[in-house]
Amino acid sequence: MPQVAAVMQQLAAHPGIEGCVLVEAGTGMVWHHSGACPDIERIGEAAIEFWRVEKRLSAQLQTLGQLRSVAYSFSNRVVAMFPCSEALDLVLVCVATKGPMSWAAWGEKVVLLQRALTEPDMR
């Protein structure tokens, strides 16, 4: 899991990101967290409920395609979620500042996390 922790640190260090947390969607258990955002673990545990709502409504939304991300805009921050491992039911929850951010560049690092989670020692 050292590679996962290293990628989590890279994700949280990206300009505009205040914190990231890897959460098991079914249980709400936090696997990893990184960044300077206060209470990032607690935010991740709470925000996973947004992901669960989207998943519960998947039958009604299936014509839209597979769920790739969820984002919620609050007055001070944005919370965005990305599936990272279907086999492990893990979702990346990130807290970002409002305003300009290179989501595409940051997304390349999310792919690195998804790859790290598919390594044999993760199963």
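This is a predicted model: local features need pLDDT of at least 70, side-chain atom pairs count only at pLDDT 80 or more; totals for chains, interfaces and linings use all residues.
Local features were taken into account at pLDDT of at least 70 and side-chain atom pairs only at pLDDT 80 or more, whereas totals for chains, interfaces and linings use all residues. Residues are numbered from 1 along each chain as its sequence is written, and side-chain values rest on heavy atoms, with hydrogens and water left out.

Helices and strands were assigned as DSSP runs (H or I of at least four residues for helices, E of at least two for strands) and numbered from the N terminus. Helix α1 (2–13) has twelve residues and reaches 17 Å from its first C-alpha to its last, close to the 16 Å expected at 1.5 Å a residue, where the expected span is 1.5 Å times one less than the number of residues. The buried residues of this helix (buried meaning under 20% relative accessible area, exposed over 50%, and partly exposed in between, with a 1.4 Å probe and protein chains only) are Val 4, Val 7, Met 8, Leu 11 and Ala 12. They cover an arc of only 135° around the axis, which puts them on the same side of α1; the arc is that of the directions from the helix axis to the C-beta atoms. The face turned away from this buried side carries the exposed residues Pro 2, Gln 9 and Ala 13. Cover for the buried residues of α1, with contact taken as heavy atoms within 4.5 Å, includes β1, β2 (30–35), β5 and α4.

Trp 106, Val 110, Leu 113 and Ala 116 are the buried residues of α4. Seen down the axis, these residues fall within an arc of 110°, so they line one face of the helix. On the other side of α4, Ala 104, Glu 108 and Arg 115 are exposed, while the elements that cover its buried residues include α1, β1 (17–24), β4 (77–85) and β5 (90–97).

With a salt bridge defined as a side-chain nitrogen of Lys or Arg within 4 Å of a carboxyl oxygen of Asp or Glu, the count comes to three. In one of them, Arg 77 pairs with Glu 18, the closest N and O atoms being 2.7 Å apart. This pair links distant parts of the chain, since Arg 77 lies in strand β4 and Glu 18 in strand β1, 59 residues apart. Arg 77 counts as partly exposed at 33% relative accessibility, as does Glu 18 at 21%. Asp 39 and Arg 42 meet in a salt bridge at 3.2 Å, N to O; Asp 39 is partly exposed, with a relative accessible area of 45%, whereas Arg 42 is exposed, with 56%. The side chains of Glu 49 and Arg 52 also form a salt bridge, at 2.2 Å from N to O. Being three residues apart in helix α2 (residues 40–56), Glu 49 and Arg 52 are separated by about one helical turn, and Glu 49 counts as partly exposed at 37% relative accessibility.

Val 53, Leu 57, Leu 61 and Leu 64 form a nonpolar patch on the surface, with about 340 Å² of accessible area together. Leu 64 is found in the loop between α3 (58–61) and β3 (70–73) and counts as exposed at 69% relative accessibility. Patches are made of residues with over 30% relative accessible area and no salt bridge, like charges being joined within 9 Å and nonpolar side chains (Val, Leu, Ile, Met, Phe, Trp, Tyr) within 5 Å. Accessible areas come from the Shrake-Rupley method with a 1.4 Å probe, and for residues only the protein chains shown count as cover.
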